[in-house]
Amino acid sequence: MIIFLLLHTALSYVIYLDTRQNFVNERHNVINQLQNIAYALTNDSFLMLDQFAELFSVTELENHSDDATIQLFATLDKHWDQWQFIWDLENAKFFDASGQQVRNWGHSLAHNPDKIIQVLGNEVPAHDINCDRNCYLTATIPIMANAEIIGAFSVSRSFADTIIEYNRATQSDIAIMVASNSSLNTQWPFTTTAITNVQTNQDLLQHVKKNYLLADFLIQRNVVNLNGKHYELSIIPANQSTERLDAPYFVLINDISKAHQALNQNLAKIWFYGIFSFIISLTITLISLYLALRRVIRLSSAIPILADKQYATFRSRIEPDQAKKRLFDELDTLNLNAYNLSLQLEELEKMVSSQIHKLINQGEALSKEKDFIQHLINMAPILILTQDKNGQILSINQAGIQEFTFQEELIINNPFERFIPKSEKQHIDILKQIRNGEITTHIKYDGFLEINPSQKRHISWIHSPINTSVNQQAKVLSLGVDISDRKLIEEQMLNLATHDHLTGINNRRKFQSELKRELATAQRNQQQFGLMYIDLDQFKIVNDSCGHHAGDKLLLEVTRRLDNVIRETDILSRIGGDEFTLIMPNTNIDGITHVATKINECIRAIEFSADKRMFKIGASIGIAMYPDHGSDAQELLTNADMAMYYAKENRRGQYHVYSPNKHFTVHLSNRVYWKEIIENALQHQQFFFQYQPIQFIPDGSISHYECLLRIKDENEAILMPGDFIRQAEESGLIGQIDRLVIKKGIQTLLKHAENDRCKLAINLSGRSFNDVNLLQFITRQLAETRVNTKNIIFEITETAAVSNFTAAQEMINSIKTMGCQIALDDFGVGFSSFYYLKHLPVDYVKIDGSFIRQLDNNKEDRIFVKAITDVCIALDKKIIAEYVENEAILNIVRDFGIEYAQGFYIGKPDDISLQLDDSNDASPG
């Protein structure tokens, strides 16, 4: 009885504590919500200021910085009064690039010079809360013109607006406190600048400052009693991202008098109901115990009969009569369970003999199952073996015996470490930890199986401890898969990423890493080294007149000749179509010029023939020395390139050493020359398109045509994009060419709008992502002409998309919303292509032609193209193979699952009207 009373009292007390804790937790959640609302309203104010300020940061300022600021001032002077009312602004300021205030609009407010300097230095917008007698929210952003910082622009609004919005949103009171040096209260060195419900809350804050410490409210919320009411106060920094002691603070004020009163009433009810329920339950318990004890005595007297296995007698003693009972309690259940138990025990005795017979049959079945499992293990195409705690091999399957190439008796009882190279110390340590029980899960390790010192197989191991009984020794299960072929393919893929697919020497990526490495070595050892930039003089003539196959043959011959001339320590790379570089470590100017002379002689000695024509080959070589001609990789390469152009302009087939004054003049004159050609072509409409068909392989029909830009000069000579695109980018004319290409492509579609086969792929330059107005131009052209956007495919190069990834994503998404499609050109040149392909929403992927044109003769190219194809198919991208120049290549790409092909075998570039007429006359396939 006493225990029951104590338990009931304890339970009531726990309920009391739980109720109080729930009240505290509820108030804590309310405070958190109010804090989040206060911060959200503050952030919304900053966001509004950012949006206003960014109206000027995103303005296209194409003039000089002085003109840009005049333009900005004129705009603000004209619209300030209207904007101040609409945006609820107090002040705006402009600061020059040194941080000095230049102009002020609205009320004159103090500013934070450090924030201005920070924005100008980091070129990143910043937020601040400034307080004097009143508090203001300030957003400051950098202003740029022509890619340069010309100053900073700040805009402010009153913090009091945020207080009013908070009061309307929460129906709670709030105040703002700021640091005050004039305050006499050292415990509360703050003054109130804004407050809601002034008459009540001003007295409350005076009472708090007089009787409480500031620290009590900074750590947690506190409840204050005043005039018979309960107020809940919490103080938080107004700026969530700062921890300054002088920062303004929010004071959150909530009248919780009614909630506190309701809590006390609930607690009183809990105690009353607890006492009342205790009395009632105690009475019922006493009555139930009396009635239950009589039935328990009857059941207990029958238990010995059950122990003597007199099942029928036991059941006659306790047989329940459920039909006469309206209520069925736990004792009745116990009585019924005992009755059923006697029936089950009797039945179990009858089943024992039959179960023994079944166990014998199951033993025979298990034996057969064991034999079956052993057969599966032996037939499994993976290596399976077990070893004891000392590493001795206990068993091995048939695949393992074949992998070891030994007889089973030469493997069993030998230590497993005997077949692992001694260099794999980590592998051996892992095995010891598993055997000692230090590792209890399976471990994967890629290593070698050493059959003999000259024969190794690459194996992917999985080692797992085997759970055994107490009396058995611990065992280790080892599963091995031979991955030698996979490793070979991985090495080939890596080699493709760093070596030129045609010549086998280093590619541009590898050259750049080697140049950086040589720079580091030379700087560390204070040595010189030389860099050659080699350009073949006659390659373009051979390639254009005799085809890519002849050009490839010439490149292979030049590479062979260069390998015979250079030293073993020199690093030869192919970085472009007919462009090579040579890094010569630890040499001087005499040494590198001597090698350049030998290179010129060996290349001039080449007598190259193709299509029954003889070609005389030469090379122009530019030389730059470290550290005299450059201190970093880019500067050295640029100067060597300029020296090469000087050699090509003055006399082909020669070398030239970089000279700063001379080469700058040559480079400048070359840029002026090409700028005049491009401007003249734009002015006199010398740009024209040739259209190359792209075939849908499954049925042989033409899917669409690629627009290939050309220039026909005054002498009727045709200039290819490789001649002028780079010069257009350097001279800033590429934007005009992009717009011309788009306009001419749309005009072609309109001219042949009645022909449903006229679908065009239009190339955009690598600089298009940085042209902020190009997207507006495309939108305007499509809207004005009302051309069918489903017939337009915009092509961008992989290199440009990767180097401007964020801008590329935004532009691609915008173009696709217009109904146009996107193709990713030159795919495969970048080794990180697969990552970017997953995140670029393109429709077509054009595999770079350098991987296609040797597909029928080059195994490595087939491996790489198959890998690209499988990834693109998995990502649901359409695939186009470039440079399909014979039937054998077409059959290979068809077998790979590539659906589109482009190349001379499909069709050469020509006039679109002729091609459309031919496609109408020809049947598909």
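In helix α8 (residues 311-318), the buried residues are Tyr311, Phe314, Arg315 and Ile318, where buried means under 20% relative accessible area, exposed over 50% and partly exposed in between (1.4 Å probe, protein chains only). This is a predicted model, in which local features need pLDDT of at least 70 and side-chain atom pairs count only at pLDDT 80 or more, while totals for chains, interfaces and linings use all residues. Residues are numbered from 1 along each chain as its sequence is written, and side-chain values use heavy atoms, with hydrogens and water left out.

**Helix α8**

- Seen down the axis of α8, the buried residues fall within an arc of 95°, so they line one face of the helix; the arc is that of the directions from the helix axis to the C-beta atoms.
- An α-helix has 3.6 residues a turn, so residues three or four places apart point the same way.
- The exposed residues Ala312 and Ser316 are carried on the face of α8 turned away from its buried side.

**The five-stranded sheet**

- Five strands form an open sheet with mixed pairing, in the order β17-β18-β16-β21-β22. Helices (H or I, at least four residues) and strands (E, at least two) are DSSP runs, numbered from the N terminus, and two strands pair if DSSP finds at least two bridges between them.
- β17 (571-574) and β22 (655-657) stand at the edges with a single partner strand each, so one side of each is left without a neighbour in the sheet.
- On average, neighbouring strands of this sheet are turned by 20° against each other, direction ignored.
- Strand β21 (residues 619-626) pairs with β22 in the parallel sense over three bridges; glycine 622 has histidine 656 in β22 as its bridge partner.

**Helices across the sheet**

- Helix α13 (residues 508-525) lies across β16 (529-536), β17, β18 (579-585) and β21, and runs at about 20° to β18. Axes are lines fitted to C-alpha atoms, for helices over the stretch in contact, and angles run from 0 to 180 degrees between N-to-C directions; contact means heavy atoms within 4.5 Å.
- Helix α17 (residues 633-650) lies across β16, β18, β21 and β22, running at about 145° to β21.

**Two buried loop residues**

- Asparagine 397, in the loop between β12 (393-396) and α10 (398-404), is buried with a relative accessible area of 1%. Its side chain reaches the backbone oxygen of isoleucine 382 at 2.8 Å.
- Glutamate 882, in the loop between β30 (878-881) and α26 (887-896), is buried with a relative accessible area of 9%. Leaving aside neighbours within four places in sequence, glutamate 882 is in contact with residues including Asp825, Lys846 and Gln902.

Definitions and conventions:
Polar contact = N/O pair within 3.5 Å; in protein donor to acceptor, adjacent residues only side chain to side chain.
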